[in-house]
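Please look at the sequence and the model together before reading on. The paragraphs below go through a few parts of the fold in turn.

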Amino acid sequence: MKKKKYFSKKKRVQQQKRVRNFVERPSGRKEEYAKVNGGVFVYSKPLSVADLSKAINVPVPAIIKFLFMQGKAVTINQLLDDETIGTICLEFNYDFKKEAVVDEEHFDQLEIHDDPKDLVERGPVVTVMGHVDHGKTTLIDAIRHSDVASHEAGGISQAIGAYQKEYKGKRITIIDTPGHAAFTAMRARGASVTDIVVLVVAADDGVMPQTIEAINHARAAKSAIIVAINKMDKPGADPQKVKEQLMQHGVIAEEYGGDVICVNISAKTGKGIDNLLEAILMKAEMLELKANPNRYAIGTVLEANLDKGEGPKATLLVQNGTLSNSDYVVVGDIYGKIRRMVNEYGQIIHSAAPSCPVSVTGLSSVPTAGDRFMAFPSEKEAKSVAEKRALANKEKQRGANAAMNLDDLNNLINAGKIQDINVIVKADTDGSAQALKASLEKLSNDKVHIKVIEAEAGAISDNDVLLASASHAIVYGFNIRPDARIRQKAEEEHVEIRLHRIIYELLDEMSDAMKGLYKTEMVENVTGQAEIRHIYKITHVGTIAGSYVTSGVIAADSKIRLIRDGIVVYDGKLASLKRFKDDVKEVKQGYECGFSIANFNDIKEGDLIEGYALVEKK
Ligand code: GDP
């Protein structure tokens, strides 16, 4: 009896070694992020002179000399900016391209560009779709059992959501959940696992609504289509009619000059199944499906559930790389070491190559079908990636839940994206709270609806802030002042608190926001003034103004205005602020200081500078 093994032990060990070598530091290897590819120097991270020299094979002194001639003095370990890298590449006759890298933490969006020489052929992944009762389930079963010798005796196939069919020495992966629901659920999560959609159309029934639906799904997912004209054993079978009907929906059979292979089959009798498998392999060859088995696996969760005995269990489809049973896997923001990895016959396997579906246990909780997974060599890496992703998710959720502020509201209304505004009103008396509630709600129009979710007397509490955060609400305080702690909490939860003392001002503000007219009004707050008493002109530095702070404070990072004879001659920022020789953050009234203004040197004795900040109008 033939024992199915994905790799011989020796090969596996070899392979694992290579896998380790290759991906030990997936994005850390210099050759991986800076290399010449067909005359084009492609890089994705900042490079030092030494890195660049190695990558483009130009000696370090030549690069340093070239830059020196351009007026740039650099050292061997200095990081080069993109412009400089470009100039060097052009000088040494390379075209250049900077590639954006998505780090591993964002592996959902990770597009892996393997070196073509690392790629090997992988089997096609096939989904069967079509109208109800046209024979999808029968076909999936027929394919599975069409060649009894291909699966081991006693190897009762397990429902893991997919299986691999061996045909003529090649493997075809069949996703065995027929129908569109699973396919769309996958797609809704951004996963695209199917290379080829086998569209089943009953020859006696022809193209039906779900046939068309399936065509649209396949197109949207950019999967290739093969048509299986089924039930050919039935008396009323009319494959020609089916092809003509399909043509009306843009699916054009080869015999009509299109590129869609149509195969006549009978899922019931098994006739034509071989032709269909043949067609799948042919299409797969045309699609040139390839993957790099020598990297850590990346793929998609096909199914997942909580097994009473074994805990979280998931079927993973390896899409690139090789999954080994000693790997750590991250899915969503959960991770775990693979405890048990089995194939569709329940046999324990040690590694799974590209296009191979496997059922694994060992994850800390049940992942979501359609999510992408990635394997890592160590717990440390997997844990760190999972934790970062959990944090990012939390922030995203927080962002999604964050309460609205008036500026956002304004923008959303202008973009036509909002219909409901939730408001919490807290006031000095219950009378004014209720009056405000009524007036605010009356502002509702046919486009924007104001919903006061709470209106009561009293100070703004922690609870109000949390409620606002959870319900995207704005908090209005009338004749009350929140304390510093509540302000801080509101800031943390991104909740906007608006404070008013005059009802019509509050209502005006809201009505402006509803019309998309609200703009946060900024006012100036002068923080201090200084008198310029001496000017020092220093070569390569510029003009330093020796000054005396006459009122308030001058802060190093504040905006400033230079005033001469009552006229503002310059508005900008400080470049430096010093007391004696030391840089300082601020200088208070009654102290001397020296400063220079960023990009401005025309300072004269007797000028004044005024420090100011822009604050929201209260
Ligand atoms: P699904 O809803 O697309 O999964 O369709 P099923 O596979 O459940 O098949 C629906 C019915 O059509 C069942 O009664 C099958 O036995 C029958 N059927 C499927 N394929 C064939 C076929 O090739 N010939 C005939 N005569 N009946 C078929």
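How many bridges join strand 1 to strand 2? Four bridges join strand 1 to strand 2 (residues 40-43), and the two strands run antiparallel. Here strands (E, at least two residues) and helices (H or I, at least four) are DSSP runs, numbered from the N terminus, and two strands pair if DSSP finds at least two bridges between them. Lys35 stands opposite Val42 in strand 2.

This is a predicted model, in which local features need pLDDT of at least 70 and side-chain atom pairs count only at pLDDT 80 or more, while totals for chains, interfaces and linings use all residues. Residues are numbered from 1 along each chain as its sequence is written, and side-chain values use heavy atoms, with hydrogens and water left out.

Strand 7 (residues 125-130) is largely enclosed by the rest of the structure, because six of its six residues are buried. Buried means under 20% relative accessible area, with exposed over 50% and partly exposed in between (1.4 Å probe, protein chains only). Val125, Thr127 and Met129 point one way from strand 7, and Val126, Val128 and Gly130 point the other way. Strand 7 pairs with strand 9 (residues 170-175) in the parallel sense over three bridges, and five bridges join strand 7 to strand 10 (residues 196-202), also parallel. Thr127 stands opposite Ile175 in strand 9 and opposite Val197 in strand 10.

Helix 6 (residues 136-145) has buried residues that include Leu139, Ile140 and Ile143. The buried residues of helix 6 pack against strand 7, among other elements, with contact meaning heavy atoms within 4.5 Å.

The last part is a pair of helices. Two packed helices are described by the angle between their axes and the distance between the axes. Helix 13 (residues 430-442) and helix 16 (residues 503-514) pack at an angle of about 30°, with their axes 10 Å apart. Axes are lines fitted to C-alpha atoms, for helices over the stretch in contact, and angles run from 0 to 180 degrees between N-to-C directions. Helix 13 is therefore roughly parallel to helix 16, a term for angles under 35 degrees. Leu436, Ser439 and Leu440 in helix 13 meet Ile503, Leu506, Leu507 and Met510 in helix 16.

Terms used. Angles under 35 degrees count as roughly parallel, over 145 as roughly antiparallel, 65 to 115 as roughly perpendicular and the rest as oblique.
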